[in-house]
Amino acid sequence: MTSTPGHGGSASIATPDYWWYVARSDLLEATLRDGVDGSALALDMGSADGPSAGWFRTSTLRTVSLDIDPRGLGSDGVCGSALALPFPDATFDAVAAFDVVEHCDPEDVALAEVHRVLRPGGRFVMSVPAYTWAWSDFDVANGHHRRYTRPRAVRALRDAGFVVDRATYAFASVFPMFAAERLLRRARGARHDSAVDIVEVPKVPRPVNAALRELARADRWVLRRRDLPFGSSVFVAAHRPPD
């Protein structure tokens with residue numbers, strides 16, 4: 001993650017096999033890989049969330065990793081903030097920000113920084129959590145500032161000077177369970193009133209973890225062919241226009 005005081009690394013560091021992290025990696029690759037494949041130099045923002053971004057690193061010739069939390073960075077990673085990227089203008093051919101921008105405030109500063117470090121024609125791929133109605137104490141604990149609809153995500157990127165190539169929801173196959181869980185959380189009342197260092201993911205029995213992972217794979221088949229009309233995440237592919 002990147003820019004929320006009090007919030008540190010991703011829970012994926014300790015639980016990389018949790019079904020949601022595995023499924024998200026699969027769905028991100030199916031949806032976004034074609035747009036960044038073969039990029040010469042790429043930036044992986046928020047790369048402490050390593051399990052979801054491995055495919056991005058293998059799709060590029062060289063990838064620089066950046067996160068505000070050094071615990072998920074390798075020896076060649078850069079510790080820094082999405083609000084002030086420590087790179088010159090027009091450095092990268094591609095930038096990824098998977099569940100990062102919702103942690104950044106002001107949002108427009110983070111997106112302006114991505115636009116600045118991208119070369120003209122460079123690609124930007126991102127994911128963000130969906131729907132303000134789904135806000136819960138889990139978002140507070142994770143240090144989120146906002147959740148998105150697809151139109152809201154598209155508008156933010158266009159306002160930052162990007163051309164949006166694709167925007168879709170994801171995790172439609174498990175969406176009924178997601179909606180029920182979030183509504184139940186709200187009915188029970190908040191259990192977190194501030195951001196925590198690393199959020200614990202729910203304890204899920206192995207058979208259920210495997211079943212949810214397989215269920216989410218249905219989205220992959222659809223996303224390879226068309227966009228999804230609803231889901232708990234929004235995926236966006238965009239580019240910086242050529243000068």
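In which loop is Phe171 found? I began my notes with this residue, working throughout from a predicted model, and I located Phe171 in the loop between S6 and helix H6, the helix that spans residues 175–188.

**Entry on Phe171.** I looked up the backbone of Phe171 and noted a positive phi of about 65°, although this residue is not a glycine. Most residues other than glycine have a negative phi. I then checked how far Phe171 is covered, and because its relative accessibility is 0%, I wrote Phe171 down as buried.

**Entry on Ala90.** Ala90 lies in the loop between S3 and S4. With a relative accessible area of 32%, Ala90 is partly exposed, whereas Phe171 counts as buried.

**Entry on a peptide bond.** Most peptide bonds are trans. I noted that the bond joining Asp105 and Pro106 is cis, with omega at about 10°. I placed Pro106 in the loop that runs between S4 and helix H3, the helix of residues 107–117.

**Entry on the sheet.** I traced the strands across an open sheet of 7 strands and wrote their order as S3-S2-S1-S4-S5-S7-S6, with mixed pairing. Strand S3 (78–79) and strand S6 (163–170) stand at the edges and have a single partner strand each, so one side of each is left without a neighbour in the sheet.

**Entry on S1.** I followed strand S1, residues 42–45, to its neighbours, and found that S1 pairs with strand S2 (residues 63–67) in the parallel sense over 4 bridges, with Thr63 in S2 as the bridge partner of Ala42. S1 also runs parallel to strand S4 (residues 92–98), to which 4 bridges join it, and there Met45 stands opposite Ala97. Are the faces of S1 covered or uncovered? Both faces are covered, for I found Ala42 and Asp44 buried on one side, and Leu43 and Met45 buried on the other.

**Entry on S6 and S7.** At the other end of the strand order I looked at S6, which pairs with strand S7 (residues 233–239) in the antiparallel sense over 7 bridges. Val163 has His239 in S7 as its bridge partner. I also noted that helix H5, made of residues 150–159, lies across strand S5 (118–129) as well as S6 and S7, and that H5 runs at about 155° to S6.

Definitions and conventions. Residues are numbered from 1 along each chain as its sequence is written. This is a predicted model: local features need pLDDT of at least 70, side-chain atom pairs count only at pLDDT 80 or more; totals for chains, interfaces and linings use all residues. Side-chain values use heavy atoms; hydrogens and water are left out. Buried means under 20% relative accessible area, exposed over 50%, partly exposed in between (1.4 Å probe, protein chains only). Helices (H or I, at least four residues) and strands (E, at least two) are DSSP runs, numbered from the N terminus. Two strands pair if DSSP finds at least two bridges between them. Contact means heavy atoms within 4.5 Å. Axes are lines fitted to C-alpha atoms, for helices over the stretch in contact, and angles run from 0 to 180 degrees between N-to-C directions.
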